[in-house]
Amino acid sequence: MYPSRFRYEAPHTVAEAIRLLAAGGDNAKVLAGGQSLVPLMKLRFAAPELVVDINNLPGLSYHRADPDGTLRIGALCRHADLERSALLAGTQPTMAAAAPLIADPIVRNRGTLVGSLCHADPQGDWASVVLSLGGSVVAEGPDGRRSIPMTDFVTGPFQNLLAPDEIAVEAVIPAAQGERRGGYLKLERRVGDFATVGVAVSLETAGEVVRRAGIALTGVGASTIAASAAAAALTGHSLTAESIAAAASAAAEAARPRTDHRGSAEYKRHMVATFVERILTRCSAEPAERAA
Amino acid sequence: MKVTLTVNGTEYARDVEPRLLLIHLLRDELGLTGSHWGCDTSNCGACVVWLDDTPVKSCTVLAVMADGHRVLTVEGLANGASLDPVQQGFAHCHGLQCGFCTPGMMLTARWLLNNNPHPSSYQVREAISGQVCRCTGYENIVKAVLWAAEYEAGG
Ligand SMILES: Cc1cc2nc3c(=O)[nH]c(=O)nc-3n(C[C@H](O)[C@H](O)[C@H](O)COP(=O)(O)OP(=O)(O)OC[C@H]3O[C@@H](n4cnc5c(N)ncnc54)[C@H](O)[C@@H]3O)c2cc1C
Ligand code: FES
Ligand code: FES
């Protein structure tokens, strides 16, 4: 399969990339890891006239924590960088759990977290993780930078809030209010398959009390679902069998699964509750990660 | 578009369409048919090559993205006449049958051993989990990689 014809540019500065995108308008596409865009172009589901490859932009492959604990993930940070990150392993349990579950090891060498957020696939794993952590995307365009909360960033399946001349330069995870706990669980039929069900749970705790909770669901709706009622059932409480059960059932209620070749709606809804319960039970038993 | 890339240590310059995929540049333009074109949907890993220092699925990389970069294919794995230990492992342990998946498997195995010289069999399975073999049932591929690890450790 061949993509349809397009013009290709690989600029060396963000400013030049933005200028090219502005000139290309709606018919231009950013190319990052290419692990979603290239397959779509081969299938002719995407047929941009201009492809702006951002892989030559310098200084975007970082992921690092500010002194206050805010985590920043550059647009060229690959899934594999995050999978092997000591920083995440020590400070970001939800992200560390999700990274090895994205796609397969070879795809992870190329694909990026920011590209995954931009792609806005309802079955993309990172969107749930970043949503559960209260994260945001920093976009850069002709008028400079703006920060877009993840809650607003995805506007529909495969649609995001970026203007045609904007590049997502980084994703930001705010510093924790307390200690972080959490996890990501994904049901997949085989390695490299998209989620039948994915659940991200991110907690920030002070002592035994949950100060902030985020729960988000992958693959059980037309886009990533923030299970706000489930998170609210935990906030201000300690993790008890009752609060865990309440969160699990609220999350299952928030899911909007459809019956398909991956499973029945009923089964998927049940798995949402099971995963929420499993992650929270593990959180209540394990020591929290160092605050970050 | 003009691209210059180094494949297995040799520099090549070609004029290509931006929509040409790396797998087709390697096979059709450079005549390096060791890398296989399998599923064409980013799933099977028969097309795995190294781009700089990491294995990638070359059916999911534009050839122009390799401009200025290094590529390693199975043709570059042996050191002159002496096979790479990974290749020897596949021969010793019967790690292939039809051989279609083998070049990609060996390139991933080489990368794994460079980064983790003493992998567990679980780690080998995890490393090749994005690649499909329809013949061996994977058992002998895992054995081949572990054989190479042991060989390199002086066993
Ligand atoms: C076999 C296979 C299995 C997969 N399995 C999973 C899985 O289980 N879970 C999962 O979450 N993902 C999965 N993926 C997708 C993978 O994670 C992609 O890497 C990811 O969705 C997109 O990231 P990318 O860097 O490759 O983006 P690209 O493919 O380069 O781009 C994707 C889209 O985002 C836009 N974009 C990318 N970066 C930017 C930017 N910085 N600014 C503005 N727009 C941008 C592009 O224009 C394009 O529309 C799989 C992919 C493959 C091939
Ligand atoms: S041909 Fe590239 S992954 Fe199958
Ligand atoms: S040996 Fe035939 S596909 Fe692996």
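Biologist: How many residues does the contact take from chain B, and how many from chain A?

Modeller: Chain B supplies 23 residues and chain A supplies 22 residues, two residues being in contact if their C-beta atoms, placed from the backbone, lie within 7 Å. This is a predicted model, in which local features need pLDDT of at least 70, side-chain atom pairs count only at pLDDT 80 or more, and totals for chains, interfaces and linings use all residues. Residues are numbered from 1 along each chain as its sequence is written, while chains are lettered from A and ligands numbered from 1 in the order in which they are written.

Biologist: Where does ligand 1 lie?

Modeller: Ligand 1 lies between chains A and B. The elements that give two or more residues to its shell are strand 2 (28-31), helix 2 (37-42), helix 7 (113-119), helix 8 (125-132) and strand 10 (167-173) of chain A. Helix 7 of chain A provides the largest share of that shell, five residues.

Biologist: Which residues come nearest to ligand 1?

Modeller: A:Gly33, A:Gln35, A:Ala103, A:Gly111 and A:Gly115 come nearest, out of the 33 residues around ligand 1; a residue is near if its C-beta atom, placed from the backbone, lies within 6 Å. The shell around ligand 1 divides into 17 nonpolar, 14 polar and two charged residues.

Biologist: Back to chain B. In what order do the five strands form the open sheet?

Modeller: The order in chain B is 2-1-5-3-4, with mixed pairing; two strands pair if DSSP finds at least two bridges between them.

Biologist: Why is one side of strand 2 and of strand 4 of chain B left without a neighbour?

Modeller: Strand 2 and strand 4 of chain B stand at the edges of the sheet, each with a single partner strand, so one side of each has no neighbour there.

Biologist: How many bridges join strand 3 to strand 4 of chain B?

Modeller: Four bridges join strand 3 and strand 4 of chain B, which run antiparallel. B:Val48 stands opposite B:Lys57 in strand 4 of chain B.

Methods. Nonpolar A, V, L, I, M, F, W, Y, C, P; charged D, E, K, R; others polar.
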